[in-house]
Amino acid sequence: MRILMLAGAVILLNGCNKGPILAGGKPVAHWVQALNDPDAKVRKAAAIKLGNVGPADATAFPALHNALHDGDADVRCEMILALVKFGRKAKEASASLDELRLHDPDAKVRDYAAKALAKFDQFP
């Protein structure tokens, strides 16, 4: 009986603690802001964290989509990888990715964009 009461209390307390979604121990808003950091390593880490959050937070996708034209090619590649993790929602970025596929000065970014667009065909 005591164990059941304890289990019920744990379930109740966990259900009441609906804080912000965390990625890497920090709220999603932190990572959205980090997409504007002057350090490319920070922006790349932010893209990874936001991709891992995926559609669980409504602010992650538009932030990544808006940041697709980052000045660093490695960061742009990470943004593309992160967007693909959003599944069908990622199709909303098709026009931007097609622009990168056709016009990005970096061959790796063009390749990532082409592969992402091909992946979209697999989504229902």
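A salt bridge here is a side-chain nitrogen of Lys or Arg within 4 Å of a carboxyl oxygen of Asp or Glu. In this predicted model, D111 and K115 make such a pair, with their closest N and O atoms 3.2 Å apart. Searching the whole structure turns up 6 salt bridges, and here's a quick look at some of them, plus the fold around them.

**The overall fold**
- The protein chain has 7 helices and 2 strands, running α-β-β-α-α-α-α-α-α along the sequence.
- Of its 124 residues, 36% are buried.
- If you take contacts between residues at least 6 apart in sequence, 58% of them join residues at least 24 apart.

**The R76 pair**
- R76 sits in helix α5 (residues 73-84) and pairs with D104 in a salt bridge, closest N to O 2.8 Å.
- This one ties together distant parts of the chain, since D104 lies in the loop between α6 and α7, 28 residues apart from R76.
- Both partners are tucked away: R76 counts as buried at 8% relative accessibility, and D104 is buried too, at 7%.
- Leaving out residues up to four places away in sequence, R76 touches a list of neighbours including L68, H69, L100, D106 and V109.

**The other two pairs**
- D111 and K115 are 4 residues apart in helix α7, so about one helical turn separates them.
- D111 is partly exposed at 35%, while K115 is exposed at 54%.
- E92 and K89 also meet through their side chains, at 3.1 Å from N to O.
- E92 is exposed, with a relative accessible area of 51%, whereas K89 is partly exposed at 36%.

Notes. Residues numbered from 1 in each chain as written. Predicted model: local features only at pLDDT ≥ 70, side-chain atom pairs only at ≥ 80, totals over all residues. Heavy atoms only, no water. Buried < 20%, exposed > 50% of the residue type's maximum accessible area, 1.4 Å probe, protein only. Contact = heavy atoms within 4.5 Å.
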